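Please look over the model below before reading on.

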Amino acid sequence: LRMQAVLMSLWDRWSDQCLPPIRFRVGINTDSVFVGNFGCDHRINYTVLGDGVNLASRLEAANKAFQTVVLISERTMTQARPGFQFRALGKVTVPGKSTVVSVYEPLFGIPQDLALSPTQGDGPGAGEVLRHSNLASLGSDRDGDLSELYRCGQQHPGSPPNGQNALAEETVVYGWKHVPRQVLVQVAEQFGKGLSEFTKGSLDPAQKCFQAALQANPCDGPSALLLSLCEENLQGSSARAKPWDGVIRLEHK
């Protein structure tokens with residue numbers, strides 16, 4: 001979360017140099033893994049191995065489907081320190097795995113912990129938020145698939161003026177823009193109701209909740225994804241062969 005705020009603070013400087021903004025995606029999982037030098041005499045690499053690493057990588061890629069920036073596993077969420085607000089996005093299967101995992105999105109933390117320092121995050125505390133997790137997988141915007149997420153609502157109502165370095169108390173950085181905290185809370189409430197109905201298979205009421213969430217924030221990716229899944233399943237409900245399990249199946253890495 002702090003990395004997003006620090007990176008956004010550099011965009012104006014890069015724009016003056018005719019450079020494009022840089023964005024990233026993050027997947028975080030907490031697990032026990034093997035870390036060290038692996039290989040043979042001819043080729044050796046310092047790396048990290050384990051099933052937990054693969055899940056972190058899949059979570060990073062799942063941001064594309066949810067149109068989010070940071071996704072974390074349930075284990076990471078339960079071990080995070082108090083003060084962070086999360087949104088449950090549902091039960092998901094990721095490519096290459098049949099195990100169902102619960103996925104969460106961090107919305108915001110304690111304002112004083114995430115506010116930028118006078119040095120704009122250059123000091124040793126810049127990585128404080130990520131110290132609480134074992135594994136973080138980062139992806140860049142090399143394929144340009146985050147450009148639409150940035151464009152959509154980059155000047156959200158209530159956004160601080162360009163070049164402002166400190167986060168205003170009533171706004172937070174979300175999806176590469178400043179969004180009023182109350183809007184995120186409102187969207188999360190509607191999304192939570194919709195997810196509960198979606199999990200039970202009550203797709204009509206779920207649809208209405210996701211539509212209400214998108215009314216509050218038209219650029220909310222998770223609401224858009226689940227609304228589309230509701231519409232797809234309602235159209236094919238008569239041909240549905242398997243019992244409804246409420247699992248979101250992601251097909252692409």
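**Notes on the predicted model**

1. Asn63 counts as buried because its relative accessibility is 1%, where buried means under 20% relative accessible area, with a 1.4 Å probe and protein chains only. The model is a predicted one, in which local features need pLDDT of at least 70, side-chain atom pairs count only at pLDDT 80 or more, and totals for chains, interfaces and linings use all residues. Residues are numbered from 1 along each chain as its sequence is written, and side-chain values use heavy atoms, with hydrogens and water left out.

2. Asn63 sits in helix α3, residues 51-66, and a polar atom of its side chain lies 3.4 Å from the backbone nitrogen of Val69. Apart from neighbours within four places in sequence, Asn63 is in contact (heavy atoms within 4.5 Å) with Arg25, Val26, Gly27, Thr68, Val69, Val70 and Leu71.

3. Helix α1, residues 2-9, is mostly covered, with seven of its eight residues buried; these are Arg2, Gln4, Ala5, Val6, Leu7, Met8 and Ser9.

4. Helix α8 (residues 203-216) packs against helix α9 (residues 221-235) at an angle of about 150°, the axes being 9 Å apart. The two are therefore roughly antiparallel, a term used for angles over 145 degrees, and their crossing is left-handed. Among the residues making the contact are Phe210 and Leu214 of α8 and Leu227 and Cys230 of α9. By class, the contact of α8 with α9 has 10 nonpolar, four polar and two charged residues.

Methods: Axes are lines fitted to C-alpha atoms, for helices over the stretch in contact, and angles run from 0 to 180 degrees between N-to-C directions. Helices (H or I, at least four residues) and strands (E, at least two) are DSSP runs, numbered from the N terminus. Angles under 35 degrees count as roughly parallel, over 145 as roughly antiparallel, 65 to 115 as roughly perpendicular and the rest as oblique. A crossing is left-handed if the near helix is turned anticlockwise from the far one by less than a right angle, and right-handed if clockwise. Ala, Val, Leu, Ile, Met, Phe, Trp, Tyr, Cys and Pro count as nonpolar, Asp, Glu, Lys and Arg as charged, and the others, Gly among them, as polar. Buried means under 20% relative accessible area, exposed over 50%, partly exposed in between (1.4 Å probe, protein chains only). A polar contact is a pair of N or O atoms within 3.5 Å; within protein, one must be able to donate a hydrogen and the other to accept it, and residues adjacent in sequence count only if both atoms are side-chain atoms.
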